[in-house]
Amino acid sequence: MNQAVNANTQAIVVEDTFPHAPEVIWKALTSGELIGRWLMAPSGFEPVVGTRFTFQTTPAGEWDGTIDCEVLEVVPNERLSYAWKGGHDSNVGYGAPLETVVTFSLSKADTGTRLRLVHSGFVLPNNETAYRKMGEGWKKVVEKLDQVAAEQASSQRPH
């Protein structure tokens with residue numbers, strides 16, 4: 001007898017407001033060199049719908065640590081979304097199969113730009129480890145993104 005699995009899908013949401021213009025945050029989100037400073041260095045990234053690229057992280061079990069991504073949506077200075085897939089069927093916990101979507105949304109705020117990061121599609125309990133670790137990790141990543149954006153903003157100001 002085949003039992004249906006009751007899949008519980010969760011999303012990680014991180015929101016913050018940065019004292020920078022949307023264009024400054026956008027540049028940090030869409031420049032491969034800058035992405036490497038606040039997240040991981042992407043291989044083959046271009047902010048163009050349909051572009052496939054990868055990130056490399058720590059391997060586990062049968063999984064080689066490659067995160068396969070594809071750009072799904074690009075609205076300059078407003079929204080960037082990409083598929084985030086990794087893991088291997090034989091892994092449980094870290095390195096378990098993961099098919100998710102990461103979306104960065106930008107909106108103007110009184111003090112700069114509001115960033116809303118949503119990493120959706122975590123199927124629990126299968127993706128429990130990734131959901132927990134990445135939930136903490138994305139908070140740190142957003143802090144680093146702010147630092148990189150601040151450096152970019154200060155380098156663009158007239159001296």
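Is Leu80 buried or exposed? Leu80 is buried, with a relative accessible area of 0%, where buried means under 20% relative accessible area, exposed over 50% and partly exposed in between, for a 1.4 Å probe and protein chains only. The model is predicted, so that local features need pLDDT of at least 70 and side-chain atom pairs count only at pLDDT 80 or more, whereas totals for chains, interfaces and linings use all residues. Residues are numbered from 1 along each chain as its sequence is written, and side-chain values use heavy atoms, with hydrogens and water left out.

- Leu80 belongs to strand β4; helices (H or I, at least four residues) and strands (E, at least two) are DSSP runs, numbered from the N terminus.
- Leaving aside neighbours within four places in sequence, Leu80 is in contact (heavy atoms within 4.5 Å) with Trp26, Leu29, Thr30, Phe45, Val71, Glu73, Val74, Val102, Thr103 and Phe104.
- The C-alpha atoms of Leu80 and Pro47 are separated by 7.9 Å, although the two residues are 33 residues apart along the chain.
- Helix α1 (residues 22-30) is mostly covered, with seven of its nine residues buried, namely Pro22, Val24, Ile25, Trp26, Ala28, Leu29 and Thr30.

- Thr113 is found in strand β6 (residues 112-124) and is buried, with a relative accessible area of 0%.
- A polar atom of the Thr113 side chain lies 2.6 Å from the backbone oxygen of His20.
- Not counting residues up to four places away in sequence, Thr113 touches Asp16, Thr17, Phe18, His20, Ala21, Pro22, Ile25, Leu106 and Ser107.
- Thr17, in strand β1 (residues 8-18), counts as partly exposed at 30% relative accessibility, and its contacts beyond four places in sequence are with Ala109, Thr111, Thr113 and Arg114.
- The side chains of Thr17 and Arg114 make a polar contact (3.1 Å), a term for a pair of N or O atoms within 3.5 Å of which, within protein, one must be able to donate a hydrogen and the other to accept it, while residues adjacent in sequence count only if both atoms are side-chain atoms.

**Largest pocket**

- The largest pocket has a volume of about 520 Å³, a volume being the space filled by probe spheres set on grid points that are joined across faces, edges and corners.
- Of the 24 residues that line this pocket, the closest to its centre are Met40, Thr57, Ile67, Trp84 and Met134; on a 1 Å grid over the protein atoms alone, a pocket is an open set of points where a 1.4 Å probe fits, with protein on both sides within 12 Å along at least five of seven lines, and lining residues have an atom within 4 Å of a point.
- Both β4 (79-86) and α3 (128-156) supply at least two residues of the lining, and the largest share, 10 residues, comes from α3.

**Aromatic residues**

- A search of the whole structure finds 11 aromatic pairs, which are rings of Phe, Tyr and Trp (its six-membered ring) with centres within 6.5 Å.
- One aromatic cluster is formed by Trp38, Phe45, Phe53, Phe55, Tyr82, Trp84, Phe104 and Trp138.

**Backbone geometry**

- The peptide bond from Leu124 to Pro125 is cis, with omega near 10 degrees, and Pro125 lies in the loop between β6 and α3.
- Asn77, in the loop between β3 (66-75) and β4, has a positive phi of about 65 degrees although it is not a glycine, and is partly exposed, with a relative accessible area of 26%.

Technical notes. Rings of Phe, Tyr and Trp (its six-membered ring) pair if their centres lie within 6.5 Å; planes under 30 degrees apart count as stacked, over 60 as edge-to-face and the rest as tilted.
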